[in-house]
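Subject: Handover of a protein structure

Dear colleague,

Please find below the structure that I am handing over to you.

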Amino acid sequence: MRLQLFLTTLAALLATALHPTPPPAPAPASPPPPVARNWPVGTPMGTRPPVVRAWDPPSTAYGAGHRGVDLSAPPGTAVRAVAPGRVSFAGRVAGEGVVSVELDGTGDPPLRTTYEPVRPTVKKGAEVAAGAKVGTLEPPTGHCPGGCLHWGLLRGEAYLNPLSLLPPWLLRRGPSRLLPLTEAPPAWRMGVGWGG
């Protein structure tokens, strides 16, 4: 009986040693809470710019995908911080102007937004408020033919969807508007002729 228990235990230990359980897959990064107070581009400020190319996370760390969103805007447009923070980088990377802002109160490591291609108007270490100008959109570099801002979001080295920073009211197309009537409404809309 003891020998059988010993052999069963030994077989289980050998099986575990020879075929270890793979480590669990890392948990997907949870979306950040909405902390943005405005869009990074848009005229007038706060207007929802067209999304030229959406967030398309890669299936692997080195896979193809789109690690941000592209927002349509003409060169010369002011690029603004979406939330308060500290400029962690302002300079050129591979010939393109880039500004990165670490967002206040977003954990450790903090969330970091990136804006490119921009001509920075801020320096590394500067504190910026939501809506503060951080740069000017540069001419297209091939990423978007007509001009756009590539807006990214990271926590550490993990890319996240920057649109997740925006509260629902900023994601909507715009406010509902009543259109003027050019002619009198039909009688049935006025309640006339309903036998009343």
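Overall organisation

The protein chain has two helices and 11 strands. Their order from the N terminus is α-β-β-β-β-β-β-β-β-β-β-β-α. Of the 196 residues in the protein chain, 31% are buried. Among contacts with a separation of 6 or more, 61% are between residues 24 or more positions apart.

Confidence

The mean pLDDT of the protein chain is 80, and 70% of its residues reach 70 or more. Confidence is lowest in helix α1 (residues 2-18), where the mean is 57. Strand β8 (residues 127-128) has the highest value, at 98. Two stretches call for separate mention. Over residues 21-28 pLDDT stays under 50, and the model has zero contacts beyond four places in sequence for them. Residues 188-196 also have pLDDT under 50, and for these the model has three contacts beyond four places in sequence. Where pLDDT is low, the predicted coordinates should not be read in detail.

The second largest pocket

The second largest pocket has a volume of about 250 Å³. Its lining consists of 16 residues, and those nearest the centre of the pocket are Arg67, Thr114, Glu116, His150 and Tyr159. Strands β5 (96-103), β6 (111-116) and β10 (148-155) are the elements that give two or more residues to this lining. By class, the lining has five nonpolar, six polar and five charged residues.

Trp55 is placed in the loop between β1 (51-53) and β2 (69-72). Is Trp55 buried, partly exposed or exposed? Trp55 counts as partly exposed because its relative accessibility is 22%, and the buried class requires a value under 20%. Leaving aside residues up to four places away in sequence, Trp55 touches His66, Arg67, Gly68, Val69, Tyr159, Leu160, Asn161 and Pro162. Two of these contacts, Arg67 and Tyr159, are also among the residues nearest the centre of the second largest pocket. Gly65 is 10 residues from Trp55 along the chain, and the C-alpha atoms of the two are separated by 8.1 Å.

With kind regards

How values were computed:
Residues are numbered from 1 along each chain as its sequence is written. This is a predicted model: local features need pLDDT of at least 70, side-chain atom pairs count only at pLDDT 80 or more; totals for chains, interfaces and linings use all residues. Side-chain values use heavy atoms; hydrogens and water are left out. Helices (H or I, at least four residues) and strands (E, at least two) are DSSP runs, numbered from the N terminus. Buried means under 20% relative accessible area, exposed over 50%, partly exposed in between (1.4 Å probe, protein chains only). Contact means heavy atoms within 4.5 Å. On a 1 Å grid over the protein atoms alone, a cavity is a set of points where a 1.4 Å probe fits but cannot get out, and a pocket is an open set with protein on both sides within 12 Å along at least five of seven lines; lining residues have an atom within 4 Å of a point. Grid points are joined across faces, edges and corners, and a volume is the space filled by probe spheres set on the points. Ala, Val, Leu, Ile, Met, Phe, Trp, Tyr, Cys and Pro count as nonpolar, Asp, Glu, Lys and Arg as charged, and the others, Gly among them, as polar. pLDDT is the predictor's confidence in each residue, from 0 to 100.
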